[in-house]
Amino acid sequence: MGVSDIMRLDVTSGWVLLSVVVFAAGLFYLYSLMLRHLAKTTVRNKVVLITDSLSTLGNECAKLFHTGGARLILCGNNWEKLETLSERLMSESDPTLTFPPKLVELDFSNMESVPEIISEILECYGCLDVLIFNSSMKVKAPVQSLSLQMDRIVMDVNYFGPVSLVKGVLPSLISRRTGHILLVNSIQGKLTVPFRATYAASKHAVQAFFECLRAEVQEYGITVSTINHTFIKTPSTNSKDEATAKSTWTHFKPMSLGVKPEEMATELLKTLSSKKKEVLMARSIPKAALYVRSLFPNLFFAIMAAGVRNTAAVKMSDD
């Protein structure tokens, strides 16, 4: 092969690579257009409440829904951060096509304030169309190391908070005979893992409540959807609210099993559009674990116990 042949081969390879890049960019652009169109047709002029707008997922949902023309009610436990989020959304959007978000300071760990907050939420626009419950508090530790006080706090944030809020706004939804309630819940609402007893218990409880609610409000034209996901990928995997335990299970969190916040926000939008009742956002391994738990419970329990025994062995060797 001569020099000229090699040069022609290099040029051809370069054109092929450039074509692939341009094609991929075109597909991404078309997908972005489709997503924006879906957002506009799904949430345009709808009053959308997000219980934890300050989380990674909450930020993504706020950005996506705001672009789609939703009338957002952004909730969070820090007023300054809510204002910063609102200002960022307004600066990145066309004010003629969007609405300034309403802000409500909400902290489910302070249950005494919830009734007053419910009134404040209903006063924002006088009604609600979409409620997204994405507040969550994570705890990872052996059962014997957690106090009952911590158990109660976790249950307040993950169960009693969402339940109190939905009960407070339900009469308004029923009177209008419309609305979509969407619970963003962990896969641990369906699957338990050692060292997460309190967290899993709260997620099982809220899952059961919203599944019962779904059947009860269907006659009023109200849709209830649940999305169970594995952990959401964030820049930092640790939270100040987490009590961590050194174990095989708490450290076993390969990033490939997680879900990107952009994926989750898009799935929420699709769920609002399709009114699908239940969605599972998980890779193959967590899905397989769910099937094993359902079909071969003894095998599942043996695997979980083996992991705990392995943890104890590692701890003894470290000591």
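Is Glu278 buried, partly exposed or exposed?

Modeller: Glu278 is partly exposed, because its relative accessible area is 35%. Buried means under 20% relative accessible area, exposed means over 50%, and partly exposed lies in between (1.4 Å probe, protein chains only). A caution on the source: this is a predicted model, where local features need pLDDT of at least 70 and side-chain atom pairs count only at pLDDT 80 or more, while totals for chains, interfaces and linings use all residues. Residues are numbered from 1 along each chain as its sequence is written, and side-chain values use heavy atoms, with hydrogens and water left out.

Now the partner. The side chain of Glu278 meets that of Lys190 in a salt bridge, at 2.9 Å from N to O. A salt bridge here is a side-chain nitrogen of Lys or Arg within 4 Å of a carboxyl oxygen of Asp or Glu. Glu278 sits in strand E7 (residues 278-281), and Lys190 in the loop between strand E5 (179-186) and helix H6 (197-217), so the pair ties together parts 88 residues apart in sequence. Helices (H or I, at least four residues) and strands (E, at least two) are DSSP runs, numbered from the N terminus. Lys190 is partly exposed, with a relative accessible area of 31%.

The structure holds three salt bridges. Another joins the side chains of Arg176 and Asp129, at 3.3 Å from N to O. Arg176 lies in helix H5 and Asp129 in the loop between H4 and strand E4 (130-133), so this pair links parts 47 residues apart in sequence. Arg176 counts as partly exposed, at 35% relative accessibility. Asp129 counts as buried, at 13%.

Helix H5 spans residues 148-176 and also holds Pro162. Pro162 is buried, with a relative accessible area of 4%. Leaving out residues up to four places away in sequence, Pro162 touches Phe108, Phe133, Asp156, Val157, Val206 and Phe210. Contact means heavy atoms within 4.5 Å. Pro162 and Ser135 are 27 residues apart in sequence, yet their C-alpha atoms are 8.0 Å apart in space.

The remaining salt bridge pairs the side chains of Glu60 and Lys63, at 3.8 Å from N to O. Both belong to helix H2 (residues 56-67); they are three residues apart, so about one helical turn separates them. Glu60 counts as buried, at 17% relative accessibility. Lys63 is partly exposed, with a relative accessible area of 40%.
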